[in-house]
Structures are given as C-alpha cells and as structure tokens.
Amino acid sequence: MGFKCGIVGLPNVGKSTLFNALTQTAAAESANYPFCTIEPNVGRVAVPDARLDRIAELAKSAQEIPTFLEFVDIAGLVRGASKGEGLGNQFLANIREVDAIVHVLRCFEGDVTHVETTVDPIRDAEIVETELMLADLESLERRIAPLEKRATSGDKAAKAQVAVMRKALDLLQEGRPAREARLDAGERRPFQALQLLTAKPVLYACNVDEDSAATGNALSARVAERAERTGAACVVISAAIEAEVAALDSEPEKQEFLESLGLAETGLARVIRAGYALLDLITFFTAGPKEARAWTVRRGAKAPEAAGVIHTDFEKGFIRAETISYEDYVQHGGEQAAKDAGRMRLEGKDYVARDGDVFHFRFNV
C-alpha cells in the first residue's frame, strides 16, 4: 500500500519535468507552453528504505519488494478553473481522486513562459488555493439545503453532515481552506465524506534553479513562511537537477553528482519523507526466504488493519501478530535469533502498529 499524490500548479512551473524525473519516464510530455499535459499521467515510484535492504539481508530473502508512492501529473490550472476555464473541470475531477496535493511552485527566474507573466510563487499558490476554495464553496452551497431539510425532520446522519458542512462553509467564506476546520473525534468521518478539495493536505514543492537546490532562495523562503502559517509542508527541489540525476545510469554516479552540488539525497527522497509526515504514514515489514517486503499504513492503525493491507482475509480472520521491532531484528541478527532472545512479542487485536515493526500475522478464515 502506498499513497497517491497529485502534482498540481499553474502551467509551466515544472510539474511535468518533475513528474518525469521522479518516475524516470517520459510519459508526461514537457514543453514550453500551457496544457501540454492534458490527461493525468500516473507513475509508481519505489519508496527507498535502507531498513528493507538490511531485513532482506538478514532473512536471506530471494527478493525485495518496497512499498510504492503514486504520482499523478495533473493538467495545469489557470484563473477561473472553478468555473470551467482552461482545463478546470477536468483538473478538479482529477484532484478529487488523490490523497494529498504536491503543489509545484516556480521559484526561479528564466525564459520559460509564465502564464501570469511574472514569477511570484505566493500569488501562484493563492490562485490555485482560491480556485479550489471556490469549487468547494459551490459544492457545499449546492448540497446543504436538501440535507438541512432532512436534518430538521430528525435524520441524525444528515444533522451530523450539516454540522461539519457549516464549519467548512464558515472557513471558505472567510477565504480559508477547509483543512483548517477544528473537528472533534465524531466529526472526522462525516467531514471526510464531504470530499472537499481544500481538506486535502498540501506539500509545496519549491522548484528552484540548480544553484539554489541545496539552500533554497528568497522565493522559496517566502513559500516556507506561508507553509508554516497555513499548516502545509514544504520542500525545496530542482526539477532540472532531478532530471539530470534520473538520466544517470548507476547509483555511484548519481551520488557523486548530488555531492558535487552539495546535496545529500535526491529530491524524490525529500518529497517522500515530507509526504509520509504529511499523511502521518508508517512502514512495517514482512520477511522470509522468498521475499522481504515493506508495507504502508496510517499511523495509529491497529494490527488487524495492518494485516488487511496485505490481504483482506488477514484482517477478517486475524488471530495475532508475531512482532519484532526493526531494532531488535537487526541487533539480534534476524527472526530466529530475536525469538531466542525473547524479543518476539505476541500482539492482539488492540495492538497499534509501530513504524519499523516486522510482522508475521496469524489468521484463520
């Protein structure tokens, strides 16, 4: 299980260049004109995790299978998208399908045509956010009246839905995204059911020039301030550098190139780490002679839910989880040695999965 991030932004900010580099494909055509990406392109990227390599080594696994991150390159948006301008209707439909928004902002000067004529990442961020807020506002205003009628007639589900709709509407009418809503535990599920565009978590990807890739620049610093103020995440990335890294054949070559630029890791690694933190995800592992595998689950998930990521039958017939922490697995040299040292735990249905757990699920269907 991975998660799906929609790459969005105004035309010609580097979305498709970044997508191509991240997925090491040429599926999304990059060109110096708006709307060169008309259909959403989807790429699956293996999530790098050194822990999986070590577990596979100790388990003498024949194969390693990482967890995957899915990127969707979504057509460029312009002012008026909420009213159908440009490719607005298609943009809004595609963005509803993703778990999080990677909002690429142009933070470099240059000759590439900008749809707004000047380079201003804060203005660009506000354009996209405004269009998403307008779309949410229209959606809620259209849906709330019939629900209010049902709520006044005693429909409890409708009453709960109206309550969270009101919270979202109040924010949107103030020009604030729905993700800023303060919800109690009982309101989270009906709020999620609204499927609001501005409720999705946002990661700003500041696309800078090559010289600014290691430290950022004045434009990316402004975006970082906005991210901190609005509860978004922010990473600095150079799509041009990522494209060059993707074109290199070997890992040593890639590492040498990155080090020459003062970079310790690729932009992909930074995007993944920020995305995991944004969506509050953790990784757990399974290991054996055939394969060592990484899996992704939401933080706070209990053992049966983690088992269900592997197969729904595992969740339905869950009995227990034989559990070893990654640290114990490595320290004792694998599963059997950890068992012998008393470091394997038998966990039941109420156990909350932890990042790095190595599981063996027992189930009966």
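Which helices and strands each supply at least two residues of the lining of the largest cavity? They are β5 (100–106), α4 (121–152) and β6 (202–207). The model described here is predicted.

**Cavities**

- Two cavities of 30 Å³ or more are found in a search of the whole structure.
- The largest cavity has a volume of about 50 Å³, and its lining consists of Val8, Ile101, His103, Ala125, Val128, Glu129, Leu132, Val202 and Tyr204.
- Helix α4 gives the largest share of this lining, four residues.
- By class, the lining of the largest cavity holds seven nonpolar residues, one polar and one charged.
- Five nonpolar, two polar and one charged residues make up the lining of the second largest cavity.

**Largest pocket**

- The volume of the largest pocket is about 1,200 Å³.
- It is lined by 25 residues, of which Phe191, Gln192, Ala199, Pro201 and Arg298 are the closest to its centre.
- At least two lining residues come from each of α6 (188–193) and α10 (267–279), and α6 provides the largest share, four residues.
- The lining of the largest pocket comprises 13 nonpolar, four polar and eight charged residues.

**Second largest pocket**

- The second largest pocket contains about 610 Å³ of space.
- Among its 28 lining residues, Pro48, Thr266, Leu268, Ala269 and Ile272 are the closest to the centre.
- Elements that each supply at least two residues of this lining are α1 (15–23), β2 (41–46), α8 (239–247), α9 (251–260), α10 and β8 (281–287).
- Helix α10 accounts for the largest share of the lining of the second largest pocket, with five residues.
- In terms of class, 16 nonpolar, four polar and eight charged residues line the second largest pocket.

**Nonpolar cores**

- In soluble globular proteins, nonpolar side chains tend to be buried together.
- The largest nonpolar core has 53 residues, and Phe71, Ile95 and Tyr204 touch the most other members.
- Leaving aside residues up to four places away in sequence, Tyr204 touches His103, Leu105, Ala125, Val223, Arg226, Ala227, Thr230, Ala232, Ala233, Cys234 and Val235.

- In β2, Asn41, Gly43 and Val45 form the covered face, while Val42, Arg44 and Ala46 form the uncovered one.
- Strand β2 pairs with β4 (residues 68–73) in the antiparallel sense, over six bridges.
- Within β4, Phe71 is the bridge partner of Gly43.

**Helix α11**

- Helix α11 (residues 303–310) is mostly covered, with six of its eight residues buried.
- Those buried residues are Ala303, Pro304, Ala306, Ala307, Gly308 and Val309.
- Their cover includes β8, β9 (291–298), α12 (312–316), β10 (318–324) and β12 (358–363).

Methods
Residues numbered from 1 in each chain as written. Predicted model: local features only at pLDDT ≥ 70, side-chain atom pairs only at ≥ 80, totals over all residues. Heavy atoms only, no water. 1 Å grid on protein atoms, 1.4 Å probe; cavity = no way out; pocket = protein on both sides within 12 Å on 5 of 7 lines; lining within 4 Å. Points joined across faces, edges and corners; volume = space filled by probe spheres on them. Nonpolar A, V, L, I, M, F, W, Y, C, P; charged D, E, K, R; others polar. Buried < 20%, exposed > 50% of the residue type's maximum accessible area, 1.4 Å probe, protein only. Contact = heavy atoms within 4.5 Å. Core = buried A, V, L, I, M, F, W, Y, C linked by side-chain atoms within 4.5 Å. Pairing = 2+ DSSP bridges.
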